[in-house]
Amino acid sequence: MLKHNSLPEDGIPFWDFNDPSIPNSTKDVSAATIVASALVELANFTNEKAYLEYSKKVLKTLKSDAYLLPSEKEAPFILKHSTGNWPKKDEMDVSINYADYYFLELMLRIKNKK
């Protein structure tokens with residue numbers, strides 16, 4: 001996945017690597033946070049630098065205005081641009097609680113990296 005042709009430079013994947021509308025397809029922050037968090041954990045066991053580098057890139061990207069909800073927005077979320085169930089046209093390009101959970105977990109895992 002880290003070297004997939006359809007993975008954008010910022011590390012945030014599209015909702016589907018095979019979407020014919022790439023690069024104009026919707027991105028999926030929830031997928032990015034889950035994978036990035038897991039790769040930090042995996043890097044602890046494998047010492048694979050590429051895993052940690054990708055995770056740090058994703059974290060940096062997600063901390064930008066492009067992905068953080070503005071602080072003045074009254075919503076119980078942190079991140080925007082997640083995709084829940086595209087085939088059913090449900091939760092498309094929205095905030096999703098598990099994206100926020102794994103975003104926080106990603107930050108903690110990087111902070112506590114062995």
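I worked from a predicted model, in which local features need pLDDT of at least 70, side-chain atom pairs count only at pLDDT 80 or more, and totals for chains, interfaces and linings use all residues. Residues are numbered from 1 along each chain as its sequence is written, and side-chain values use heavy atoms, with hydrogens and water left out.

Entry 1. I looked up helix 1 (residues 29-46) against helix 3 (residues 97-111) and found an angle of about 30° with the axes 8 Å apart. Helices here are DSSP runs (H or I, at least four residues), numbered from the N terminus. Axes are lines fitted to C-alpha atoms over the stretch in contact, and angles run from 0 to 180 degrees between N-to-C directions. Helix 1 and helix 3 are therefore roughly parallel (under 35 degrees).

Entry 2. I listed the contact (heavy atoms within 4.5 Å). Helix 1 contributes V29, S30, T33, I34, A36, S37, A38, V40 and E41, and helix 3 contributes Y98, A99, Y102, F103, E105, L106, R109 and I110.

Entry 3. I then checked S37, which lies in helix 1. S37 has 0% relative accessibility, so it counts as buried (under 20% relative accessible area, 1.4 Å probe, protein chains only). Leaving out residues up to four places away in sequence, S37 touches Y102, E105, L106 and R109.

Entry 4. I turned to helix 2 (residues 49-62), whose axis comes within 11 Å of that of helix 3 and crosses at roughly 130°. I noted S55, K56, V58, L59 and L62 of helix 2 in contact with F103, L106, M107 and I110 of helix 3.

Conventions
Helix = DSSP H or I, 4+ residues; strand = E, 2+ residues; numbered from the N terminus. Parallel < 35°, antiparallel > 145°, perpendicular 65-115°, else oblique. Buried < 20%, exposed > 50% of the residue type's maximum accessible area, 1.4 Å probe, protein only.
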